[in-house]
Structures are given as C-alpha cells and as structure tokens.
Amino acid sequence: MRFDFPPPRTRLPLMAALLLLNLPHAQADLHDWYRANDPASFPFSAGSISSEASGYSLNASATFRKSETNTIESSSHARIDASGRLLWTLTSATPSIEFQSDSASPEHAFAYRSDVQHLELVRINSSDLSSSYSIKYPFAAESAQTELTFLPNSRVGILQNRGSSQQFAVFAPDGSLVFENKYTSSGFLSIAPDADSSQSARLHSTSGGDHYYLTIHKSLRNQSKSTFNNTFFVLSINNSGTLNWSRAFAIETVSRTIDLSCVVDDDLLVALPDTTVGVPGQPFSSVPSTHLACLSSSGSLSFTQTLEGFSYGGSPVIRDGNSLLLAGSSPNSGVLFATDAALARLSTADGSLTQQAGFDALETETLQLVGINAQRCFATLTSQAQGAEPKIHLSLDSSLQATAAKSASGSVLQLDAQSQAYLSTYLPSRAAVGAIELDSSLTPPSATEIDLAEATITPVDPNIHAANLGIDLLELNVSTQASTTATTTANLNYAPLSLEHYRGHPETISSPIAAAMTVHEDSSLSLSFDSEYGFDYHLQRGDSPDGSFSTIDSLSGTGEPIRFSTTTQFDSPIFYRILKSDPHNEIRFSTD
C-alpha cells in the first residue's frame with residue numbers, strides 16, 4: 001500500500017493551544033480535556049492517556065522555566081471513568097518520581113523512583129491518598145541491570161541481572177514478600193560485560209498472572225568470523241517462584257542482536273533481529289532479517305522461522321485465529337538506507353508466512369500494531385521524516401487492506417478493555433492535558449492515496465541449533481535458591497492535584513510553530529522561535545475552551561529567531577498559538 005504523508009511539519013515542543021486534529025466530517029464521540037487549575041504551576045509539557053479495566057488513566061509531566069533562573073519539574077496522575085469524569089488526581093514536584101496506575105484496582109496507583117542503589121515504591125489509596133505500603137528495596141552491588149515490572153493482580157516484580165544469577169522478587173498487594181529467589185546457571189555470563197560480551201535479562205508476565213517468563217540473552221563476539229554467538233535462555237516461573245521449566249538455544253548472527261521477545265496469550269515468541277549478508281563486494285546489499293522461535297506455556301517448541309527482508313519492530317504481536325500478525329519494516333527498493341513499513345501474517349502451526357503487506361512511501365516509516373476487534377486490525381503508521389512526526393491511524397480488514405484511516409500527528413490509537421478503538425490526544429500546552437475520542441473518527445481514507453505495493457518478505461530456514469528444544473539443552477542447569485533482602489520504608493512526597501474537566505471544541509491547524517516559552521516574574525510571557533524570510537507569523541489568543549481565537553500580534557519573518565512578547569494572568573486558563581502564513585495566501589489551516 002502507498003500512503004502519502006503531508007509535508008514535514010515542525011514539531012511544537014511548547015505551545016499554549018488546545019488542538020484536536022480531525023478529518024473532515026469526522027464525528028468524535030468525546031472531546032474531554034483536562035487542565036490544571038493553576039497553569040502557572042503545572043504547564044504540562046508531556047502526557048498520555050491509557051485504557052484501564054473500568055476507564056482510563058492519565059499521566060502527565062511538566063518541565064519548564066517559570067523564570068529565568070527557576071526550573072520546575074513535576075509529574076501527575078489521574079484516573080478517569082468510562083464517561084470521561086475525573087475520579088481522583090495526584091502530583092509530585094519531586095524530580096524523578098513517576099506514577100503508574102494499578103490496572104487491577106481503580107482505587108490505587110503506584111509512585112516510585114530508583115537510582116543505582118535503591119528502588120523506592122509506594123502503593124497509594126485514592127480515598128485519602130494514604131499509603132497502603134511503602135518499601136525501599138536495595139540493589140546488589142554486582143547487578144548490571146535492574147527492572148521494575150507491574151504484574152497482574154496488583155503485584156510488583158523486581159528483577160536484578162547479576163551475571164551468573166538472576167534475582168527475582170515479587171511483592172503482594174499488601175506489600176508482603178511473595179517470594180525472592182536467585183536463579184543460577186553455569187550458562188549465564190560469569191564475567192563483567194564488555195565490548196565483546198553482553199547479557200540482558202527481561203521479565204514477561206502473562207495475562208492471568210499464574211506464571212512468568214524470564215528471558216536471558218547472552219551475546220559473545222566471534223572475532224575470527226566477525227559474527228556473534230548468541231545463547232538465549234527461557235525460564236518459566238510460577239507465581240510462587242518455583243521453576244516450571246527451562247529452555248535454551250543458540251544462534252549465530254551477523255549483527256549484534258537484541259531481545260525483542262513478547263508474550264502472545266500464554267505463549268512466548270522469541271524474536272531476534274539480524275542482518276543477512278548480501279552480495280560479496282557490495283556492502284549495501286545486505287538485508288534485515290528476524291529470527292523467530294515460539295514456545296508454548298508447557299515449554300514445547302511450536303516453530304522456528306527466519307524472515308529475510310523483514311525487521312520486527314517490537315510492537316505487540318497479535319494472535320488472529322490460527323495466525324500471528326507482526327509489524328516491522330522492509331528495505332525500500334528505490335531509496336538507499338530507507339525502509340518501508342511491513343506487516344506479516346504467520347501460521348501458528350509451523351510459522352510459515354501466509355500473508356504480507358507492504359506500505360510503500362518516499363520516507364522511512366514504522367508500523368505499530370495496536371490490537372484486533374472482530375475482523376478489524378488497528379495499527380499506526382508513522383513517518384520518520386526529519387523534522388516531522390505525521391501519523392496515519394489505520395483500520396485493516398482480514399486481507400490487511402486499509403478500510404478506514406485518520407491523519408493526525410498528536411494522537412495515540414489504542415483499544416480499551418472492550419476492544420473498542422479510541423484515540424487519545426496530547427498536545428503540549430500550558431493548560432490542556434488530553435482528549436479522548438472513539439473510533440467513529442476513523443473514516444474511509446478518501447483523502448489518502450492507498451496503493452498496493454509488492455512486499456519483499458522471504459521465509460528461509462533459520463540457523464538455530466537444536467530445533468527440538470529440550471530441557472538441559474546446552475548444559476542448562478538452573479538452580480533455585482531463596483534469598484532475603486532487607487527492606488526499609490520509602491519516603492516519597494506526593495499531594496492532591498486540582499484538575500478541571502471540560503468539553504472542548506476541536507480545532508485543526510496545519511503548521512504549528514515550534515516555540516520556546518518563558519514566563520517572567522512580572523507575568524510577561526515571551527515566545528521565541530525560528531522564522532523564515534517571506535512569511536508572516538501571527539500570535540493568537542483564546543480565552544475560553546470553545547475554540548475561538550483572536551490575533552493579538554503579527555511579525556514578518558527575517559530568517560533569524562524572532563520573539564513575541566505579551567502579558568498574561570494566571571487566574572484563568574488562556575491559550576496561545578502561533579500561525580504561519582504566506583503574505584500572498586491566506587493563513588493555512590489543515591484540511592487533512
């Protein structure tokens with residue numbers, strides 16, 4: 001397929017405007033926006049809305065200059081019900097503190113921060129923002145890598161990669177220790193990582209939470225062949241910490257690979273990207289490839305497969321009946337070093353490639369699968385053109401053809417708990433935090449050119465040792481040893497946050513201007529930005545959330561940085577935006 005993106009647009013790192021990008025005639029179900037009552041203290045500069053079992057969670061952060069010498073950092077969290085109503089909010093102005101929703105309990109959230117020595121974690125009650133529990137968990141000095149994972153059923157997992165052993169601890173919803181074990185094998189990397197050797201560890205939870213997968217990827221450089229010898233270990237651990245089974249296999253790769261494994265239902269799909277050497281003497285003829293191996297929850301090997309001309313991108317793998325859908329990229333045949341988004345459908349029986357789709361464009365693209373609902377598959381296509389991040393959200397039918405689309409650079413497509421597609425929008429602003437709209441805004445792509453393109457994915461025999469993976473393969477003997485780490489009480493500061501919920505009117509703008517905003521002590525506001533000669537720039541102000549703006553100042557571009565200055569008050573929300581126009585044409589608004 002071919003998707004023509006609009007011309008590259010300048011990103012807007014900080015802009016005080018309420019924006020919602022819509023296609024013509026698209027009717028959004030919800031226009032719910034959330035803003036701080038004190039935008040001078042909390043000018044949110046980043047944010048996201050995620051689906052939860054009974055609604056949504058909102059996370060936002062602010063890093064801004066309140067004056068010439070005063071920089072403020074804060075993070076905030078809110079829970080929203082299915083109708084868009086705010087349930088509760090909290091915030092922290094302490095740097096490095098982050099919030100995480102408790103997906104199993106809308107009445108709780110987590111606050112945490114970590115450094116090289118400790119992890120501090122608090123589970124918060126929404127009723128009075130008190131602490132259900134707090135722990136300060138010390139890390140071992142020899143730990144090369146630590147990972148915090150929020151598990152199903154309100155549990156929390158802490159993994160430490162200690163080279164020759166992996167330490168895994170799980171805490172219950174009341175903060176009690178469920179188990180803390182070390183898993184040791186002579187096959188794990190016993191030396192300190194360096195340029196020629198490395199080892200990573202990742203924790204994967206299943207949807208039911210009855211068992212976990214621990215994957216360890218060890219890579220050693222083969223100096224004589226300029227390749228890499230990889231050993232991949234998989235440990236299945238039940239929710240009491242007992243080792244169910246262990247597997248390992250080895251594969252030689254041309255390039256240094258990384259662990260992109262993921263859980264698909266209860267199975268584990270091992271994914272290792274690689275580069276296949278091309279024609280000798282032609283250094284640019286090599287093509288990407290992806291090595292795959294699927295392990296069932298019982299540890300049996302379902303299939304192994306290598307796809308040449310396809311690089312898996314790491315987005316969620318979706319099971320569709322008896323097939324798996326993987327999103328990635330393939331080389332662009334017409335542009336050197338450029339890649340096109342690609343979608344592959346594999347049989348769950350043997351991993352064979354049954355269907356493929358290419359998304360051909362002039363710029364490098366990435367494709368991310370979002371989810372599946374009945375016969376529709378949802379995905380987001382993003383152009384990586386320099387200086388722009390346009391997105392096209394897609395609804396694909398069973399033949400992987402686009403049946404609906406929406407072009408928008410500031411929104412995220414997701415599926416809620418009922419598998420209904422929705423778009424959440426965050427655009428940098430001094431007051432607006434986000435919006436939710438449902439999939440009625442995905443419309444037939446009449447304004448988007450869609451052409452079928454030839455895909456170049458080729459299945460080849462994988463060079464994986466020992467196709468029938470068995471226990472104790474490659475001398476994998478894993479021992480389990482109980483461990484105890486003394487914990488203390490965490491000290492994290494957080495407080496309620498007052499957020500206002502309102503219904504905003506969507507407004508579409510084609511070319512927002514990147515501007516650096518500074519709020520001065522005398523309540524004056526300056527917006528600095530790079531200008532282009534021959535264009536005019538207009539500063540507009542909106543005093544209400546109904547979408548109306550008025551021009552309060554105009555400047556002509558000089559080819560050098562210029563600045564708007566104005567005065568403002570912080571007792572009520574005020575929105576600003578900068579528009580760019582050609583003197584010989586009207587101010588350019590998007591028609592998308």
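Tutor: Phe99 stands opposite Ala111, which lies in strand S7. This is a predicted model, in which local features need pLDDT of at least 70 and side-chain atom pairs count only at pLDDT 80 or more, while totals for chains, interfaces and linings use all residues. Residues are numbered from 1 along each chain as its sequence is written, and side-chain values use heavy atoms, with hydrogens and water left out. Around the facing residues, strand S6 is joined to strand S7, residues 108-114, by 4 bridges in the antiparallel sense (a strand is a DSSP run of E of at least two residues, numbered from the N terminus, and two strands pair if DSSP finds at least two bridges between them).

Stepping back, these strands belong to an open, antiparallel sheet of 4 strands, ordered S6-S7-S8-S9. Its edges are S6 (98-101) and S9 (131-138), and because each has a single partner strand, one side of each is left without a neighbour in the sheet. From one strand to the next the twist averages 20° (the angle, from 0 to 180 degrees, is taken between N-to-C directions of lines fitted to C-alpha atoms).

S27 pairs with S28, residues 376-383, in the antiparallel sense over 8 bridges, and Glu365 has Ser383 of S28 as its bridge partner.
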